[in-house]
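Subject: Structure for your files, with notes

Dear colleague,

Here is the structure I said I would hand over. My notes on it follow below.

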Amino acid sequence: MTKISAILPLKTRGRHYADNIGRCDILFSSLRHFTTPETFARFVLVVPHDEIEAVRGYAKAWSDFPLEIVDESLHFEIFNEFSQRHQIRGWHRQQIIKLYAPALVDTEYFLVFDPDCFATHPFTADTLVIDGKALTHYLPRTTEERFWLASAKLLDVDPHLERDGLWWTPTILSRTLCLHLQRRLAEQYNTDWRRVLLSNYTLDWTEYTLYWLNGEREGLLDQYHARPKPGQRTLHAAESVWYVDMMKEWDAKRHFALESDGLFAVVQSNTYISPRQVTEKLSPYFPITLQPYKRDRALGLRAAELYSAVVRRVFKGVRRLFGR
């Protein structure tokens with residue numbers, strides 16, 4: 001049987017992250033129900049140094065999977081070069097970790113997860129990698145135009161907004177194409193590829209738009225990615241919960257119906273919808289056990305995150321004003 005790896009950057013403290021253990025309980029419960037731990041060659045959790053011990057305790061609940069808990073500080077010392085809080089967005093930090101995955105996994109393809117994802121239909125690695133290519137969910141690039149424009153600017157390529165592109169997490173990336181992107185950025189800017197991305201924190205680049213645009217530039221996308229075949233489910237459900245007001249009318253049943261499309265769905269974490277509310281919606285379709293966990297949303301952390309967001313917006317405005 002083919003195997004696939006998985007990577008999940010995991011942070012558990014702060015305004016956006018305090019419920020991530022509960023979200024992981026839902027994710028792993030869904031994986032346990034709709035696939036088996038044997039699907040994965042390796043399941044890597046990348047965790048900030050000061051959260052490692054806590055996560056190791058919580059991760060015992062998911063230990064039937066081939067988990068490897070990686071201390072972020074051992075691989076991303078470069079983060080220390082950007083010591084001002086506004087210089088490293090949590091959003092960009094986890095994207096860099098995802099692109100770094102080739103250093104942590106051995107398989108050609110790996111699934112990228114966030115804690116707010118969950119599976120909705122049975123799958124195996126052979127469902128996800130077909131004829132040697134990754135099952136890929138496509139949407140028009142105009143859906144999130146600013147990300148394509150920012151990444152195209154960084155790579156100095158045409159964004160080709162008239163075309164479809166790779167959609168967001170969960171998705172499947174190629175180890176080879178990630179390495180090609182790393183090399184391209186390093187050669188283009190004559191420095192570590194991570195430093196390139198960290199230095200451009202005022203640009204709304206994303207890991208997926210960078211990955212896709214560079215693969216397109218090299219003419220390699222058709223070699224590593226494929227649309228679902230007729231009758232085959234794609235990766236993403238047609239409807240997920242992206243905003244808090246969607247939750248009230250959200251009909252989870254549609255995700256699990258035989259005729260439904262999509263192997264995964266999302267209840268976006270920045271909606272602050274609690275894992276308990278999500279569990280109430282999903283528990284008729286697969287068993288979920290939420291373990292007790294500490295919600296660390298200290299006032300100091302929240303204030304620091306808000307300060308960082310404001311400073312970044314100011315710098316982005318200056319950059320737009322002067323066309324840099």
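**Aromatic pairs**

Searching the whole structure turns up 21 aromatic pairs, where rings of Phe, Tyr and Trp (its six-membered ring) pair if their centres lie within 6.5 Å, with planes under 30 degrees apart counted as stacked, over 60 as edge-to-face and the rest as tilted. One of them joins Trp 91 and Phe 147; this pair is tilted, with 5.5 Å centre to centre and 50 degrees between the planes. The pair connects distant parts of the chain, since Trp 91 belongs to helix H3 (residues 90-99) and Phe 147 to helix H5 (residues 145-155), 56 residues apart. Helices (H or I, at least four residues) and strands (E, at least two) are DSSP runs, numbered from the N terminus.

Trp 91 counts as partly exposed because its relative accessibility is 30%, while Phe 147, at 6%, counts as buried. The cut-offs are under 20% relative accessible area for buried, over 50% for exposed, and partly exposed in between (1.4 Å probe, protein chains only).

The rings of Phe 118 and Trp 250 have centres 6.3 Å apart and planes at 65 degrees, so this pair is edge-to-face. It also links distant parts of the chain: Phe 118 is in strand E5 (residues 117-119) and Trp 250 in the loop between strand E11 (225-226) and helix H10 (253-256), 132 residues apart. Both Phe 118 and Trp 250 are buried.

Ring pairs also link Phe 28, Phe 40, Phe 43, Trp 62, Phe 65, Phe 113, Phe 123 and Phe 264 into a cluster.

**How to read the values**

This is a predicted model, in which local features need pLDDT of at least 70 and side-chain atom pairs count only at pLDDT 80 or more, while totals for chains, interfaces and linings use all residues. Residues are numbered from 1 along each chain as its sequence is written, and side-chain values use heavy atoms, with hydrogens and water left out.

**The chain and its core**

The chain has 12 helices and 12 strands. Of its 324 residues, 56% count as buried. Among contacts (heavy atoms within 4.5 Å) with a separation of 6 or more, 84% are between residues 24 or more positions apart.

The largest nonpolar core has 99 residues, of which Leu 31, Phe 113 and Leu 282 touch the most other members. Helix H1 (residues 20-34) gives the most to this core, seven residues. Such a core is a set of buried Ala, Val, Leu, Ile, Met, Phe, Trp, Tyr and Cys residues joined through side-chain atoms within 4.5 Å. Beyond its neighbours within four places in sequence, Leu 31 contacts Thr 36, Phe 40, Phe 43, Phe 65, Phe 113, Ala 119, Phe 123 and Phe 264.

**The sheet**

Five strands form an open sheet in the order E3-E2-E1-E4-E10, and the pairing is mixed. Strand E3 (67-71) and E10 are at the edges with a single partner strand each, so one side of each has no neighbour in the sheet. From one strand to the next the twist averages 30 degrees. Two strands pair if DSSP finds at least two bridges between them.

E1 and strand E2 (residues 40-47) run parallel and are joined by five bridges; Ala 6 has Phe 43 as its bridge partner in E2. H1 packs on this sheet, touching E1, E2 and E3, and its direction makes about 180 degrees with that of E2. Axes here are lines fitted to C-alpha atoms, for helices over the stretch in contact, and angles run from 0 to 180 degrees between N-to-C directions.

Strand E1 (residues 4-9) also pairs with E4 in the parallel sense, over three bridges, and Ile 7 has Val 112 as its bridge partner in E4. E4 pairs with strand E10 (residues 171-174) in the antiparallel sense over four bridges, where Phe 110 has Leu 173 as its partner. Within E4 (residues 109-112), Tyr 109 and Leu 111 point one way, Phe 110 and Val 112 the other, and all are buried.

**Charges over rings**

Arg 227 lies over the face of Tyr 138, at 3.9 Å from the ring centre. The criterion is NZ of Lys or CZ of Arg within 6 Å of the ring centre and within 35 degrees of the ring normal. Tyr 138 is in strand E8 (residues 138-140).

Regards
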